[in-house]
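Subject: Structure handover

Hello,

Here is the structure I said I would pass on. Please keep it open while you read the notes below it.

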Protein chains: 2
Amino acid sequence: MDILIKNVTLAGPGSEKSDADTIGIDRGRIAYVGKYEGKIRENGADKVIDGRNMIAMPGLANCHTHCAMTLFRNYANDLALEEWLFTKIFPVEQKLTYDDVYWGTMLGIAEMIKSGTTSFADMYLIMDAVAQAVSETGIRANLSVSPLRFETGNEMKVIDESDICVRYHRDWHNSSDGKIKVYLEVHSAYLFNEQQLKDAAMLAKQLNTGIQIHILETVTERRESIERYGMSSAEICHKCGIFDVPTIAAHCVHLSETDMEIFREKGVSIAHNPTSNLKLGSGIANVKELLDRNINVVIGTDGAASNNNLNMFEEMHIAALIHKGNLMDPRVMDAHTVLNMATASGYRALGFDDAGSIKEGMKADIILVNTDSVHMWPLNDPAAALVYSVQGSDVDTVIVEGKILMENRELKTIDEEKVKFEAKRCAERLLEGM
Amino acid sequence: MDILIKNVTLAGPGSEKSDADTIGIDRGRIAYVGKYEGKIRENGADKVIDGRNMIAMPGLANCHTHCAMTLFRNYANDLALEEWLFTKIFPVEQKLTYDDVYWGTMLGIAEMIKSGTTSFADMYLIMDAVAQAVSETGIRANLSVSPLRFETGNEMKVIDESDICVRYHRDWHNSSDGKIKVYLEVHSAYLFNEQQLKDAAMLAKQLNTGIQIHILETVTERRESIERYGMSSAEICHKCGIFDVPTIAAHCVHLSETDMEIFREKGVSIAHNPTSNLKLGSGIANVKELLDRNINVVIGTDGAASNNNLNMFEEMHIAALIHKGNLMDPRVMDAHTVLNMATASGYRALGFDDAGSIKEGMKADIILVNTDSVHMWPLNDPAAALVYSVQGSDVDTVIVEGKILMENRELKTIDEEKVKFEAKRCAERLLEGM
């Protein structure tokens with residue numbers, strides 16, 4: 001046994017075997033879940049973690065982000081969406097280099113590990129820099145690369161980069177001991193046209209991989225899609241074959257009955273980004289309706305420029321609260337549902353089916369959450385405490401595929417001070433004069 | 001000079017003098033705000049705090065809570081309001097003793113100080129125990145005591161305790177060096193009848209003090225008030241003279257035009273409790289409309305049983321987000337507005353007009369927030385970082401009226417381990433068999 005966690009309280013997917021107080025990890029997988037007083041005690045272990053006053057739960061899956069946007073954290077706020085995007089974000093993104101994306105991603109990964117995220121979906125520019133950071137830190141990720149590059153300027157220039165996709169997929173898919181998967185990025189049905197959507201779907205099929213996409217984030221997107229295509233973004237994507245491959249559709253705030261039926265039928269995973277949708281004034285997705293239809297709804301933070309952090313505990317909390325208030329029904333989005341969305345369902349959306357719950361045989365992506373603090377006291381109900389009371393800073397230990405990435409809040413694969421120094425340097429250069 | 005804070009970044013009310021990097025505190029008040037390179041350097045100080053990588057801001061005012069309900073944290077969740085209140089909360093509250101309320105309040109005060117709250121409004125049972133805890137810990141509070149006690153059982157029994165109010169007011173009002181104020185608690189227009197409302201208003205006038213009250217939290221309250229009184233709870237309270245004294249009205253989710261005009265005209269402060277209103281499915285208050293009418297809207301956490309913590313940074317964050325999403329306008333509730341609601345406006349609501357902003361002459365209720373962490377990095381905009389990125393655990397130092405209540409996250413007036421031990425003991429006894 002490589003790691004033995006004893007005296008621990010279990011919560012979240014896999015914790016149904018409620019008398020378990022011990023988890024054994026061997027060669028990257030969960031080898032034992034049960035009582036300490038079983039055969040496990042005899043086996044010994046290279047490392048024993050005392051989980052007293054800790055909750056063990058599956059690591060969190062952040063199913064939609066643009067990780068390197070940590071560089072633009074709190075740079076532009078409280079603005080109308082178009083002003084924010086076109087006068088603040090796009091201009092500064094034109095200046096990004098490999099170095100910027102690498103350090104911005106490192107900063108985001110550091111933040112995610114420190115708040116309990118063990119896997120994430122990323123969609124950004126210069127994705128080799130992202131893959132390098134993911135691979136060095138040992139986190140799990142589904143990285144998407146776009147077959148088209150859009151250069152904004154006086155007029156939008158579109159550059160075909162499908163050859164880069166093929167090369168990127170060959171270089172990085174299933175790399176980092178299988179912890180990296182490569183999907184295609186199809187930004188949206190408003191940046192892609194019908195032929196480009198078809199070509200992207202075809203390329204994904206050729207590569208035998210999936211797609212990350214933004215769909216129906218705003219009312220404007222819905223209206224303009226109907227003007228342009230005579231149908232919603234979900235419908236045109238469906239028509240072009242996008243959903244014939246595994247798809248993570250982010251946002252999905254403004255869906256019709258038809259759109260929801262398409263997602264259900266095609267098994268599309270929907271990444272709900274409550275903070276970003278609220279902060280940018282996009283609206284409130286009808287998550288209850290989606291869950292009632294058995295659609296795989298998962299949770300994402302979106303980028304730090306529209307959040308403004310990458311804290312999945314905060315995201316779970318807000319997801320659990322807003323739908324109760326919006327629907328005026330305190331019974332919707334109960335703690336167990338939300339924990340499941342942020343872990344097991346999230347892992348499934350990212351294409352990592354053999355992780356995301358604490359069961360024997362699963363990959364060991366586990367976090368330990370400290371409950372020995374006044375704001376978690378008394379504990380009463382561990383699952384509710386994880387959704388309603390916890391802070392990201394309560395995460396004590398993070399394990400991905402049996403490897404400890406953080407212990408006692410100390411990052412093991414990241415030099416935190418160096419990352420902060422370099423990220424600040426990059427941000428200052430990028431934002432100078434903006 | 002008692003305390004000198006140097007090398008610090010200012011944010012929130014009073015920080016308009018933007019080149020200041022130094023705060024001097026003398027005899028409980030802010031004696032200097034400006035550059036270190038002024039006359040201040042010559043004066044010396046008993047204690048110098050290096051504020052490098054810190055933001056100094058006014059302490060947070062939690063304008064509606066039931067502090068001792070920390071004992072019931074995460075005890076009952078995801079239930080319909082009536083089931084939660086009548087089958088879970090009221091029965092366990094019948095068992096409360098002085099000891100329970102004292103330790104529950106100590107736990108809540110510990111949590112509030114650790115997340116930056118320096119003053120709060122409390123409304124609960126056995127208020128002598130609350131005043132004892134407040135006075136021992138050195139936090140600032142507006143405590144309300146009810147002229148009526150309601151014993152729930154087979155039928156509701158109402159006991160007149162206005163003599164207790166008079167005694168409590170005499171014992172505690174302006175005690176703790178003026179850091180405690182005593183208001184009357186008028187629970188609501190649904191627990192009080194018309195005569196009782198009139199009597200309470202009269203008693204408040206006799207004592208020359210104010211009132212804390214719950215108003216129009218739910219649609220049910222609105223409907224039943226109209227059935228019973230022929231008018232809304234706000235209107236019947238107005239008619240009975242409640243608003244003739246300074247009033248903090250909690251919730252105010254379901255207001256008519258008439259109700260809003262009453263609040264504006266009478267200068268009522270409204271305590272917005274976004275988390276509780278969401279979690280209990282009460283709805284989303286129209287805070288933008290209230291602010292547009294120049295009503296003093298402030299922020300509260302409500303009790304830990306319906307939140308489930310007492311973290312005002314989290315409450316600011318949710319207040320900043322939900323109205324943008326609900327109104328689909330990212331420009332409402334900007335960071336400066338929200339910071340102001342949670343500090344200067346909050347202090348005004350609590351009746352402490354000479355604190356709540358960082359200005360010379362004001363009482364020194366100041367917190368220092370650590371920005372040297374990956375989730376606050378790069379800082380870019382301090383005010384936005386405080387609303388959108390910060391965690392309660394980033395609070396490093398808490399000062400109330402010039403006295404340090406926490407430094408380097410260590411509580412100075414509370415034995416945290418003892419409080420946890422005793423609170424757990426109380427909670428276990430109360431919740432046994434529930």
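Start with strand E19 (residues 403-407) of chain A, which pairs with E20(A) in the antiparallel sense over two bridges. Within that pairing, Met406(A) has Leu411(A) of E20(A) as its bridge partner. Please note that this is a predicted model.

Both strands belong to an open sheet of six strands in chain A, ordered E2-E6-E17-E18-E19-E20, and the pairing in this sheet is mixed. Its edge strands are strand E2 (9-10) and strand E20 (410-411) of chain A, each of which pairs on one side only.

Which helix lies across E18, E19 and E20 of chain A? That is H3(A), and its direction is at about 85 degrees to E19(A). In the sheet, E18 covers residues 395-400.

H3(A) also has a helix partner. Helix H3 (residues 98-114) of chain A packs with helix H16 (residues 416-431) of chain A at an angle of about 130 degrees, and the two axes are 9 Å apart. Angles over 145 degrees would count as roughly antiparallel and 65 to 115 as roughly perpendicular, so H3(A) is oblique to H16(A). The crossing of H3(A) past H16(A) is left-handed. On the H3(A) side the contact involves Asp99(A), Asp100(A), Trp103(A), Gly104(A), Met106(A), Leu107(A) and Ala110(A). On the H16(A) side it involves Glu416(A), Val419(A), Glu422(A), Ala423(A), Cys426(A) and Leu430(A).

Chain A has another open sheet, this one of eight strands in the order E7-E8-E9-E12-E13-E14-E15-E16, with parallel pairing. The edges are strand E7 (60-65) and strand E16 (296-299) of chain A, and each pairs on one side only. On average, neighbouring strands of this sheet are turned by 25 degrees against each other, direction ignored.

Helix H6 (residues 194-207) of chain A lies across strand E12 (180-186) and strand E13 (211-215) of chain A, at about 165 degrees to E12(A).

Now to chain B. Helix H3 (residues 98-114) of chain B packs with helix H4 (residues 127-137) of chain B at an angle of about 40 degrees, with axes 8 Å apart. H3(B) and H4(B) are therefore oblique to each other. Their crossing is right-handed. Residues making the contact include Tyr98(B), Val101(B) and Met106(B) of H3(B), and Ala129(B), Val130(B) and Ala133(B) of H4(B).

Further along chain B, a hairpin joins E10(B) to E11(B) through five residues. Strand E10 (residues 148-151) and strand E11 (residues 157-160) of chain B pair in the antiparallel sense over four bridges. One bridge partner pair is Leu148(B) with Asp160(B) in E11(B).

Last, the core. Which residues have the most contacts inside the largest nonpolar core? They are Ala56(A), Val130(A), Ala56(B) and Val130(B), and this core has 304 residues. Leaving aside neighbours within four places in sequence, the contacts of Ala56(A) include Ile5(A), Leu10(A), Ile23(A), Gly51(A) and Ile366(A).

Regards

Note on methods: Residues numbered from 1 in each chain as written. Chains lettered and ligands numbered in written order. Predicted model: local features only at pLDDT ≥ 70, side-chain atom pairs only at ≥ 80, totals over all residues. Pairing = 2+ DSSP bridges. Core = buried A, V, L, I, M, F, W, Y, C linked by C-beta atoms within 7 Å. Buried ≥ 20, exposed ≤ 12 C-beta atoms within 10 Å, placed from the backbone. Contact = placed C-beta atoms within 7 Å. Axes fitted to C-alpha atoms, helices over the stretch in contact; angles between N-to-C directions. Parallel < 35°, antiparallel > 145°, perpendicular 65-115°, else oblique. Left-handed = near helix turned anticlockwise from the far one by under 90°.
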